[in-house]
Amino acid sequence: MSNEPITLTAGDAEATVLPGNGGRIGGLRVGGTELLRQGERYGCFPMVPWCGRIRDGRFSDGAAVHRMPLNSPPHAIHGTARDAAWHTARVTADEAVLTYDLGDPWPYSGRVTQVIGLAEDALTLTMSVETYESSFPAQIGWHPWFNRTLDGAGAHIAFDPAWQEERGDDHLPTGNRVEPKPGPWDDCFGMPDGVDVTLTWPGRLELKVNSPEPWVVVYDEQEAAVCVEPQTGPPNGLNTLPRLVTPLEPLEATTTWAWRRL
């Protein structure tokens with residue numbers, strides 16, 4: 001199938017999927033109201049095969065040291081898949097299945113599969129990384145840009161993390177866990193029982209971002225948008241907390257955004 005834009009519908013919810021632009025969700029409308037910031041680099045993009053920054057673009061796998069392009073100097077950020085065209089494997093009225101084959105500059109072969117499922121009151125994203133060759137460290141995550149205001153109502157963020165990763169001057173975790181601090185944030189938080197973050201636009205909409213994963217980055221330093229990013233490990237996690245993809249065990253993750261009108 002082609003990588004042309006896809007429109008999913010369920011009730012009065014409508015999602016635009018852009019396989020040709022990084023496999024991202026280009027838009028999510030509920031009752032005609034757009035929830036995601038618009039623009040070629042926005043919407044919601046998959047972060048794979050790593051999330052956030054890799055320090056100096058370097059990570060180790062055993063004795064091997066690999067270098068990724070410094071697309072956020074002096075670091076590499078957010079993986080390679082958001083800059084690639086994905087393949088559309090299957091589409092129904094309310095679900096799309098996309099695939100992306102890992103390759104240069106990533107040093108390992110593998111396949112990423114993303115399933116985007118839309119319901120009347122929720123969007124569910126599921127992603128897996130699998131390989132039939134060499135095992136390798138990897139991460140999975142999503143980077144949604146939710147509009148800060150909906151119909152004039154500003155977003156409130158509510159969540160109760162167990163800890164905050166202390167952030168160094170280089171924007172990477174120092175390895176210390178600290179008590180959660182008030183925002184604004186560009187920070188990683190630990191939620192051992194799973195990601196559970198609520199965005200509320202008073203009088204308009206409540207949206208809950210959930211994931212079984214224990215890590216979330218919250219970014220709200222931008223005037224136009226708020227980002228809530230569930231992921232399988234912290235920034236620089238390929239070096240500090242790698243998850244291994246093997247021929248017998250893929251890496252899998254999922255997140256759900258559930259909403260209700262207020």
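**Rings, turns and cis bonds in a predicted model**

Reader: In this predicted model, are Trp185 and Phe189 buried or exposed?

Author: A residue counts as buried when its relative accessible area is under 20% and as exposed when that area is over 50%. By this criterion, both Trp185 and Phe189 come out as buried.

Reader: How many aromatic pairs does a search of the whole structure find, and what is the angle between the planes of Trp86 and Tyr100?

Author: The search, which covers the whole structure, finds 13 aromatic pairs. Among them is Trp86 with Tyr100, whose rings lie 5.4 Å apart, centre to centre, and count as stacked, since planes under 30 degrees apart are classed that way. The angle between these two planes is 25 degrees.

Reader: How many residues apart in sequence are the parts that the pair of Trp86 and Tyr100 ties together?

Author: Trp86 belongs to the loop between β9 (76-77) and β10 (87-91), whereas Tyr100 is in strand β11 (residues 95-102). Both residues are buried. The pair therefore ties together parts whose separation in sequence is 14 residues.

Reader: Which class of aromatic pair do Trp185 and Phe189 form?

Author: The ring centres of Trp185 and Phe189 are 5.9 Å apart, and their planes stand at 90 degrees. Planes over 60 degrees apart fall into one class, so the pair of Trp185 and Phe189 is edge-to-face.

Reader: Over which ring does the charged end of Arg177 sit?

Author: The distance from the charged end of Arg177 to the ring centre is 3.7 Å.

Reader: Which residue takes a positive phi in the hairpin of β19 and β20?

Author: Strands β19 (residues 163-167) and β20 (residues 173-178) run antiparallel and are joined by 3 bridges, with Gln164 standing opposite Val178 in β20. The hairpin has 5 residues between its strands. The residue there with a positive phi, near 70 degrees, is His171.

Reader: Which residue does a cis peptide bond join to Pro105?

Author: Most peptide bonds are trans. Pro105, in the loop between β11 and β12 (110-119), is joined through a cis bond with omega of about 5 degrees. Its partner in that bond is Asp104.

Reader: Is Asp151, with its positive phi, buried or exposed?

Author: Asp151 lies in the loop between β16 (149-150) and β17 (153-154), and its phi is near 50 degrees. Because its relative accessibility is 53%, Asp151 counts as exposed.

How values were computed: Residues are numbered from 1 along each chain as its sequence is written. This is a predicted model: local features need pLDDT of at least 70, side-chain atom pairs count only at pLDDT 80 or more; totals for chains, interfaces and linings use all residues. Side-chain values use heavy atoms; hydrogens and water are left out. Rings of Phe, Tyr and Trp (its six-membered ring) pair if their centres lie within 6.5 Å; planes under 30 degrees apart count as stacked, over 60 as edge-to-face and the rest as tilted. Helices (H or I, at least four residues) and strands (E, at least two) are DSSP runs, numbered from the N terminus. Buried means under 20% relative accessible area, exposed over 50%, partly exposed in between (1.4 Å probe, protein chains only). A charge sits over a ring if NZ of Lys or CZ of Arg is within 6 Å of the ring centre and within 35 degrees of the ring normal. Two strands pair if DSSP finds at least two bridges between them.
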